[in-house]
Amino acid sequence: MGSVNTPDRIISPSNSAQTRRALSCGELKFRVGPFVARIGTGYPLLQQDFLDIYDGYPLAGPDDFVQFNLKVDPVSLLRRWYRPKVMADGGFVNSPFVPLPGDLAILALEMGLNWQVGTKSDQFLIFHSGVVARDPEPAGQGEAGISRAVLMAGQSGAGKSTLTAGLAYNGWRLFSDEFALLDTDSLMLYPYPRPISLKNESVDLMVERLGADAFSRPFLNTPKGTIRYLKAPAGSLISGLRPAKLDLVVFPQYGPGVPPQVAEFAGAEAFAMLRSATVNCDRLGLDAFNAIADLVEHCRFFRLQYDSLDMAMQMVDDLMEKTA
Amino acid sequence: MKGLPADLKTLILDPRPAAAWSGERWSHAAYLAQSAGVLCRVAIDLKTAGCRAGLEPGLEGCLLSAERNGVRNQTLLSWEMDRIKRVLRDRDIKIVLLKGAAYLAAGIPCTRGRLSSDIDILVAKDELAGVESALLNAGWILAKEKQGESGDYDDLYYRRWMHELPPMLHEERGTVIDVHHTILPPTGRVTAEGRELLELAEPVDSQAQELEGYFVLCDTDMLLHSVVHLFQDGEIRGGLRDLVDQRDMIAHFAGRPGFWDRLIDRAEHLGLGRPLFYCLRYASVLLDAPVPESAFTAAKRFGPSGSVLMLMDRLVPRALTPNYLFESHRAANLAGELLYIRSHWLRMPPLMLARHLGIKAWRRLGATMTA
C-alpha cells in the first residue's frame with residue numbers, strides 16, 4: 001500500500017488492481033465520514049461489487065485509526081465453489097450475522113458495517129434516519145459558513161431512502177440514508193455517506209430519474225426483495241467530514257393518491273417522535289436526553305404526506321427556505 | 001512462556017504511553033482490548049490521566065463510545081441490585097453479591113469500565129426455592145422460556161448438577177440473574193461448600209442505597225471465586241478479563257495484614273489450591289500482579305506435575321490472548337479447544353461427561369438437519 005497519507009487518494013478504477021490486492025490481504029482501509037473501516041475479502045465477486053459502489057471513497061492512510069474491522073468470506077472451502085455462501089465476521093462473540101448466498105456478498109458487507117456502526121459508535125447519538133444538508137454559498141451568505149441539515153425519520157417503508165436519494169442528487173449533500181450521527185456536545189450532525197440501498201419499486205423510479213450508471217447491479221431475492229445500491233454523489237464524498245447544524249426534522253409518509261399535507265408539531269410530541277427514531281438513546285442516557293431536548297427547542301418538526309417524489313422534494317426545499 | 005501482546009498489556013496496566021502511539025498501532029491494540037472487554041477501562045484510565053485531549057478524533061470517538069458503555073453498564077448494574085433487593089428484602093436472608101456486582105460494591109479497582117452481562121448472587125441452598133419463586137413472581141422468567149427453546153434437558157442439567165439455578169431474565173428490562181448456592185458444580189473433581197462461603201461473607205461497606213443490606217464474599221473468597229471460574233469451572237479461552245480482575249484484586253488486597261497466609265490456607269481448606277496456583281502464576285507472569293515470593297513458595301505444593309505445567313504454560317497464554325481478526329490464529333484455536341475439553345473434564349465424572357456431550361452433539365445434529 002505504500003506509505004502515502006494524502007486525502008486525495010481515493011478508490012477508483014485506475015487503482016482497482018491495488019484495491020483488490022488490499023482487499024485480499026485484509027488491508028483495505030477507507031473512510032466513511034468520521035470512521036475508518038478495514039475490510040478483507042478474498043471473494044472476487046464481492047471485490048468487484050465493492051469497487052463498483054465504493055468508487056470515489058477516500059482511502060485512509062496508514063496512520064489513521066481503524067474503528068471497524070470486517071471480513072467477508074465463504075463459510076467453507078466447499079461453499080466457495082459449490083452453491084456459494086458467504087458470511088461477515090467482525091470478530092464479535094454475539095453478532096447477528098447470517099450466511100448469505102455468494103451473489104449477495106455485498107449485502108453481508110453492508111449489513112456488517114451498519115451493524116457495527118449502529119451498535120458500537122456511542123460517541124454519537126444515532127438516529128435511524130436519512131440526512132441531507134445544504135452547504136453555504138461560497139460568498140458566505142446566511143449563517144456564516146455553516147451547513148444546514150434536514151433529518152428524515154419514520155418507519156421503514158415510509159419513503160425515507162427514496163426521498164434522501166432524490167434530495168442527494170438535487171442540490172443537497174448526502175449525509176446518510178441510514179444513520180444520523182449527532183455529536184451531543186456540539187449538537188452537530190456528522191456525515192455518514194454510504195451507498196443508498198433502494199428496494200423494489202423505488203429502484204425503477206430512481207433508475208428512471210438518474211440513469212443506471214449511478215447504480216450497482218441489481219441484487220435479486222434478497223431478504224428485502226430486489227435491491228440496487230445508488231452510489232453516493234461524488235460531492236458528498238469529497239466534503240468528507242464537514243458537519244452540519246440540524247434545522248429541520250421531517251417524518252415523510254408516501255402514499256399513492258393521498259392529498260399533499262404538511263403538518264407542523266412541536267414540544268413533547270416532537271420529543272417523543274425524535275426519541276423513537278434513536279438507535280442508542282438508552283446507551284447514552286442523560287447525554288442523549290439533553291441533546292434531544294435541545295434539538296426539540298432549536299429545530300422545526302413536520303409530518304409530510306405526499307404521493308410523488310417531486311412533491312416531497314419540493315416540500316423539503318420550501319420548508320428549509322422558511323426555516324432559514 | 002509467551003506473554004500477552006506488549007501493547008495490550010500496556011493498555012491494561014498503564015495506558016498513558018499509548019497517548020503517543022500511531023493510529024496503526026492503536027487500531028491493532030484497541031481491537032484486542034475491545035475483544036478482551038477492557039477497552040472501557042482503558043478509556044477511563046486515559047481520561048483520568050488527562051491523556052485523551054490530544055488524540056486523533058476517530059480514536060477519541062472510539063474511546064468515548066467505550067467509556068459511555070462502561071458508565072451505562074454500572075448504572076444498570078446498580079439499578080438491578082436495587083430492584084432485586086426490593087424483591088428479596090422481606091425474606092431476611094443473607095444475599096451475597098458475586099463477580100461484577102461484588103467488585104462494584106467492594107470498590108475493587110477492576111470495577112472501573114467493567115462490563116457485566118448479568119448479575120450473580122449467592123444464597124444458602126435451602127433458600128434457593130424461595131428466592132426463585134419470589135423472583136418469578138416479580139417479573140423474572142426462566143431465560144429459556146424467552147428463547148422459546150425446549151430447554152427441558154438444560155433445566156434438568158442445571159437443577160440436578162449445577163451450582164446455580166437456570167438463568168432468569170427480567171421480562172421488561174431484559175437483565176439476567178444467576179442465583180448460586182455455591183461456586184462450583186457438585187459433580188466436579190473439586191467442590192466447595194456454599195455454607196462455608198456464606199459464613200465468612202461480610203456486609204457491604206457502602207453508603208449507597210442500592211448496596212445497603214447486601215453481603216460480599218470476604219477478600220480471600222472473592223479472589224478464589226474468580227480464580228475458580230477461570231481455572232476450574234470455565235474454559236480459560238476468552239477469559240483475560242477475569243485474569244485482569246484477579247490482578248486488580250491481588251493488588252488491592254495484597255497490603256492487608258496476613259492476606260497471603262489466609263489466602264493459601266483458605267485455598268487449601270476449600271480444595272482450591274490448584275486453581276489458585278495457576279492464578280498466581282499467570283496473573284504475575286502475564287499481568288505483573290504483585291505476588292510476593294513467599295506466596296509462590298507456599299503455593300508450590302498445589303502445582304501440577306512438571307509436564308502438565310509445561311503444557312499449561314504453552315496453552316494458557318495463547319487461549320487468553322484475543323485473536324486479531326486479520327491474523328491466522330490456528331495455534332490459539334487449538335489451545336482454546338484443548339482447554340475447553342479440560343474444563344469439562346474437571347467439571348464432571350467421565351461417564352457423565354460422555355453422556356452430556358453426547359446429548360449436546362445429538363441436539364446439534366438435529367438442529368443442522370432441520371435447518
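What separates the centres of domain 1 of chain A and domain 2 of chain A, taken over C-alpha atoms? I looked this up and found 28 Å.

**Ground rules.** The model is predicted; local features need pLDDT of at least 70, side-chain atom pairs count only at pLDDT 80 or more, and totals for chains, interfaces and linings use all residues. Residues are numbered from 1 along each chain as its sequence is written, and chains are lettered from A and ligands numbered from 1 in the order in which they are written.

**Domains of chain A.** I noted the bounds as 13-120 for domain 1 and 125-194 + 232-323 for domain 2; such bounds come from an automatic or database domain assignment. Across the boundary, nine residues of domain 1 of chain A are in contact with 14 residues of domain 2 of chain A (contact: C-beta atoms, placed from the backbone, within 7 Å). On the domain 1 side, helix 4 (residues 105-120) of chain A gives the largest share, three residues. Helices (H or I, at least four residues) and strands (E, at least two) are DSSP runs, numbered from the N terminus. I sorted that side of domain 1 by class and got five nonpolar, four polar and no charged residues. Here Ala, Val, Leu, Ile, Met, Phe, Trp, Tyr, Cys and Pro count as nonpolar, Asp, Glu, Lys and Arg as charged, and the others, Gly among them, as polar.

**Chain A against chain B.** I found 22 residues from chain A and 21 residues from chain B in the contact. On the chain A side, strand 2 (35-40), strand 3 (68-74) and helix 9 (281-284) each give two or more residues. Strand 2 of chain A supplies the largest share, three residues.

**Helix pair in chain B.** I checked helix 10 (residues 219-233) and helix 13 (residues 273-287) of chain B, whose axes come within 9 Å and cross at roughly 90 degrees. Axes are lines fitted to C-alpha atoms, for helices over the stretch in contact, with angles from 0 to 180 degrees between N-to-C directions. The two helices of chain B are therefore roughly perpendicular (65 to 115 degrees; under 35 is roughly parallel, over 145 roughly antiparallel, the rest oblique). Helix 10 of chain B contributes Leu224(B), Val227(B), Val228(B), Phe231(B) and Gln232(B), and helix 13 of chain B contributes Pro275(B), Leu276(B), Tyr278(B) and Cys279(B). I counted this contact by class as eight nonpolar, one polar and no charged residues.

Definitions and conventions: Two residues are in contact if their C-beta atoms, placed from the backbone, lie within 7 Å.
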